[in-house]
Amino acid sequence: MAEAVVTMDGWCTLHDTRTFDWSSWKMTSEQERSEAVAEFEQLMTKWDMTEEDKNGSQTLYKVVGNKADLLFIFLRPTMDELEEIKREINKSKIGDYLIPGYSYVSIVEMTMHNPMDGGRDRVLDPKVEARLKPILPKWEHACFYPMARRRNEEANWFAIDKAERTRLLYDHGMTGRKYAGKVKEIITGSIGLDEWEWGVTLFAHDPLEFKKIVYEMRFDEVTAKYGEFGDFIIGNHLAKEAVASYFAL
Ligand code: VOV
C-alpha cells in the first residue's frame, strides 16, 4: 500500500461567486442604492481590518465570463467564520441583489514532505506559517479552478509510492518556479470538503500568464498522467475604492 500523504493545513477558504441582479437594482431608488453600496463598503472595511490583524484575508474579482459577476475569496481560521461572512453578505442590503452561484470550500494545504527539498519534512517556521495563512495578493487578475488526481487502473496517484510522488511534484515545482513574480499560486485541499480534491487559485498581472502556466504544466508528467480539471473562472480585481463605480448606473 502507498504511504498516505501527510499535510500541513492552514486557513479555511471560501470561493463564493455571485450573479448581480441588475434588473432589480435598476428598479431601486438612488438613495437605497447608495445606502446599500455604503453599507457594503463598510463591510469591506471591516474585512480589511481582519486582514490587517492577520486573522484572515480576502479579495474580490469581477468575473469576465457569464459564469458569475463577482468572485469573493475569503480565508479565515475557521469554517464558522466563513459561514458567518456568507450570512453577513446575504443579510446586507446589497445581498438582496447578490444571487448566490457556484461556491468552493477548501483549506490551504502544503505537503509535509517538501518535494523541492528531497522530500524532507517541513518545519513550521514563519515562512511555512505565512504560506499556510497567506495574505492574498491584490493583483489585477485571478483564476480559480478545482482539480483532482486520476484514480483508475492505469494511473492511480494514490497508489504510487512516496518517492515517485516526490519526483513528480519536484518537476511540477520546477515548472512553477519559472513563473516566479508572474503567477502566484495558492493550493487548497478539498478532499472531504467539496467535489474535487484541490482548489487552484492563481493571481497574475497579465492574464496571458494563466494560459501559459496551465498549458506548460499540461506537459508535466504529474499533470499529463494524473491531472483532471473542473471549470475555470477568471476575474479582474475590484478594489474597495472602485466598488461605487462598479454598482453605479
Ligand atoms: C506558480 C507556480 C507553482 C509552483 C511554484 C508550484 C509548486 C508546487 C509544489 C512545490 C507542490 C508540492 C507540494 C507542496 O509544496 O505542498 C505543489 C503542489 C500542487 N500544485 Fe503546484 N505549483 C504552481 C502552480 C500550480 C498550478 C498552475 C497548478 C494546477 C495545474 C496543473 O497542471 O497541475 C498546481 C497544482 C498543484 C496541486 C494540485 C498540488 C497538490 C498536489 C499534491 O498531490 O499534493 N500548481 N505545487
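Thr19 counts as partly exposed because 17 C-beta neighbours lie inside 10 Å; a residue is called buried with 20 or more other C-beta atoms within 10 Å of its own, exposed with 12 or fewer, and partly exposed in between, the C-beta atoms being placed from the backbone. This is a predicted model, in which local features need pLDDT of at least 70, side-chain atom pairs count only at pLDDT 80 or more, and totals for chains, interfaces and linings use all residues. Residues are numbered from 1 along each chain as its sequence is written.

**Thr19 and strand β1**

- Thr19 belongs to strand β1 (residues 7–20); strands (E, at least two residues) and helices (H or I, at least four) are DSSP runs, numbered from the N terminus.
- Although 49 residues separate Thr19 from Ala68 along the chain, their C-alpha atoms are 4.8 Å apart.
- Beyond residues up to four places away in sequence, Thr19 touches Ala68, Asp69, Ile99 and Gly101, where contact requires C-beta atoms, placed from the backbone, within 7 Å.

**Shell around the ligand**

- The ligand has 23 residues around it, of which Met110, Gly173, Gly176, Met217 and Thr223 come nearest; a residue is near a molecule if its C-beta atom, placed from the backbone, lies within 6 Å of it.
- Helix α5 provides the largest share of this shell, five residues.
- The elements that each supply at least two shell residues are β4 (98–111), β7 (141–149), α5 (162–177), β8 (183–189), β9 (198–204) and α6 (208–218).
- By class, the shell holds 14 nonpolar, six polar and three charged residues. Here Ala, Val, Leu, Ile, Met, Phe, Trp, Tyr, Cys and Pro count as nonpolar, Asp, Glu, Lys and Arg as charged, and the others, Gly among them, as polar.

**Annotated positions and strand β7**

- An unreviewed UniProt entry lists Arg131, Tyr145, Pro146, Met147, Ala148, Arg149 and His172 under "binding site". Such positions are given in the numbering used here, with shortened feature names, and the annotations may be inferred rather than shown by experiment.
- UniProt also places the feature "active site" (unreviewed entry) at Tyr145, a residue of strand β7.
- Tyr145 is buried, since 20 other C-beta atoms lie within 10 Å. Apart from residues up to four places away in sequence, Tyr145 touches Val200, Phe229, Gly230, Asp231, Phe232 and Ile233.
- Pro146, also located in strand β7, counts as buried because of its 23 C-beta neighbours inside 10 Å.
- Trp196, Glu197 and Glu228 are its contacts when residues up to four places away in sequence are not counted.

**Nonpolar core**

- The largest nonpolar core contains 30 residues, among which Leu71, Phe74, Ala142, Cys143 and Leu202 touch the most other members. Such a core is a set of buried Ala, Val, Leu, Ile, Met, Phe, Trp, Tyr and Cys residues joined through C-beta atoms within 7 Å.
- Strand β3 (residues 70–76) gives the most to this core, with five residues.
- Not counting residues up to four places away in sequence, Leu71 touches His15, Thr17, Tyr61, Val63, Ala142, Phe144, Ile233 and Gly235.

- Helix α2 (residues 30–52) has 23 residues and, at 1.5 Å a residue, should span 33 Å; its end C-alpha atoms are 33 Å apart, which agrees. The expected span is 1.5 Å times one less than the number of residues.
- Glu35 is in helix α2 and counts as partly exposed because it has 14 C-beta neighbours inside 10 Å.
- From C-alpha to C-alpha, Glu35 and Lys93 are 7.9 Å apart in space, with a sequence separation of 58 residues.
- Lys54 lies in the loop between α2 and β2 (57–63), and its phi is near 60°, a positive value in a residue other than glycine.
- Lys54 is exposed because its C-beta count within 10 Å is 10.

**Tyr97**

- Tyr97 occupies the loop between α3 (79–91) and β4 and is buried because 20 other C-beta atoms lie within 10 Å.
- Excluding neighbours within four places in sequence, Tyr97 is in contact with Phe20, Asp21, Ser24 and Trp25.
- Tyr97 and Phe144, 47 residues apart in sequence, have C-alpha atoms 23 Å apart in space.

Methods. Contact = placed C-beta atoms within 7 Å.
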